[in-house]
Structures are given as C-alpha cells and as structure tokens.
Amino acid sequence: MLRSAFETARSGLAVEALRFEVAARNIANASTDGYVPQRVEQSTVGSGGAVRADVRPVANSISGSPPRVDLVREATTLMQAKAAYEANLAVISAVDEMTESLLDAIDPDHRDEDDRRR
C-alpha cells in the first residue's frame, strides 16, 4: 500500500512538473509568430493510480485560424500545477512518516543502527 501511494505521488510530481514547464513555455512564446501552444494530457497507468502525461499541440479553432496562447489560462495552469505538485509532495512526506512509524514498531532500535553505519 505504501509503495502504491509513493508511486502514485511520484508519477504525479512528474506530470505536474511537465504541466508547469509546458505552461511556462507557452507563456514565453506567446508573441512568437507561428508558435502553436501545447497542452498536457494526463492518463492513468494500470490500476495502481499512477499517472502519465503526453504533450500535445492545441488544436486549431473552429474558424481554422491558428490557436493563440491564452495567458490567463496559462497563469491558472501554473497555479494549479504548483498546488498539485505540493499535494504530491505532502503524500510522499506522509508515506515517509508512515514507513518510519512501521519500522519503529518492528524494530525500535533501527535508527541507532543507521546512525552507527554513518
């Protein structure tokens, strides 16, 4: 269970880092002629809750004109990606604490052994 939670959060970190990078790239290229903005599409991997991401160009509008960078949307995406990244970090921290608690319950002296090895 702890491994599954860790893997889900780890994959979430990677997806949100990519989402942040793509939004930042879109903002940086907003005034570049011919630039096609991109979006991150997220999907689940297997049944464990892990996620993966693909970067895809934004489709042309109905009128056929090339898509433009929506700065408000990109700024919102940056904020959402940051919040989701922090949430995944909190999950990893909780998994670490639960693992330490479990190790303490199994072997209360395990921390002393780790200190002696250093």
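Student: How many helices and strands does the chain have?
Tutor: This is a predicted model. The chain has three helices and two strands.

Student: In what order do the elements run from the N terminus?
Tutor: The order is α-β-β-α-α.

Student: Now salt bridges. How many does the structure hold?
Tutor: Eight. One of them pairs Glu74 with Arg39, where the closest N and O atoms are 2.6 Å apart.

Student: Which elements do Glu74 and Arg39 lie in?
Tutor: Glu74 lies in helix H2 (residues 71-106) and Arg39 in strand S1 (residues 38-45), so the pair ties together parts 35 residues apart in sequence.

Student: Are Glu74 and Arg39 buried or exposed?
Tutor: Both Glu74 and Arg39 are buried.

Student: And Glu41, which residue does it form a salt bridge with?
Tutor: Arg56, with the closest N and O atoms 3.2 Å apart. Glu41 is in strand S1 and Arg56 in strand S2 (residues 50-57), so this pair links parts 15 residues apart in sequence. Salt bridges with shared partners also join Glu41, Arg52, Asp54 and Arg56 into one network.

Student: What about Glu7 and Arg10, where do they lie?
Tutor: Both are in helix H1 (residues 2-28), three residues apart, about one turn of the helix. Glu7 and Arg10 form a salt bridge too, at 3.0 Å between the closest N and O atoms.

Student: Switching topic: how much space lies in the largest pocket?
Tutor: About 160 Å³. Its lining has six nonpolar, four polar and two charged residues. Among the lining residues are Asn29, Asp33, Tyr35, Pro66 and Arg68.

Student: Last one. What share of the chain's residues is buried?
Tutor: Buried residues make up 22% of the 118.

Methods:
Residues are numbered from 1 along each chain as its sequence is written. This is a predicted model: local features need pLDDT of at least 70, side-chain atom pairs count only at pLDDT 80 or more; totals for chains, interfaces and linings use all residues. Side-chain values use heavy atoms; hydrogens and water are left out. On a 1 Å grid over the protein atoms alone, a cavity is a set of points where a 1.4 Å probe fits but cannot get out, and a pocket is an open set with protein on both sides within 12 Å along at least five of seven lines; lining residues have an atom within 4 Å of a point. Grid points are joined across faces, edges and corners, and a volume is the space filled by probe spheres set on the points. Ala, Val, Leu, Ile, Met, Phe, Trp, Tyr, Cys and Pro count as nonpolar, Asp, Glu, Lys and Arg as charged, and the others, Gly among them, as polar. Helices (H or I, at least four residues) and strands (E, at least two) are DSSP runs, numbered from the N terminus. Buried means under 20% relative accessible area, exposed over 50%, partly exposed in between (1.4 Å probe, protein chains only). A salt bridge is a side-chain nitrogen of Lys or Arg within 4 Å of a carboxyl oxygen of Asp or Glu.
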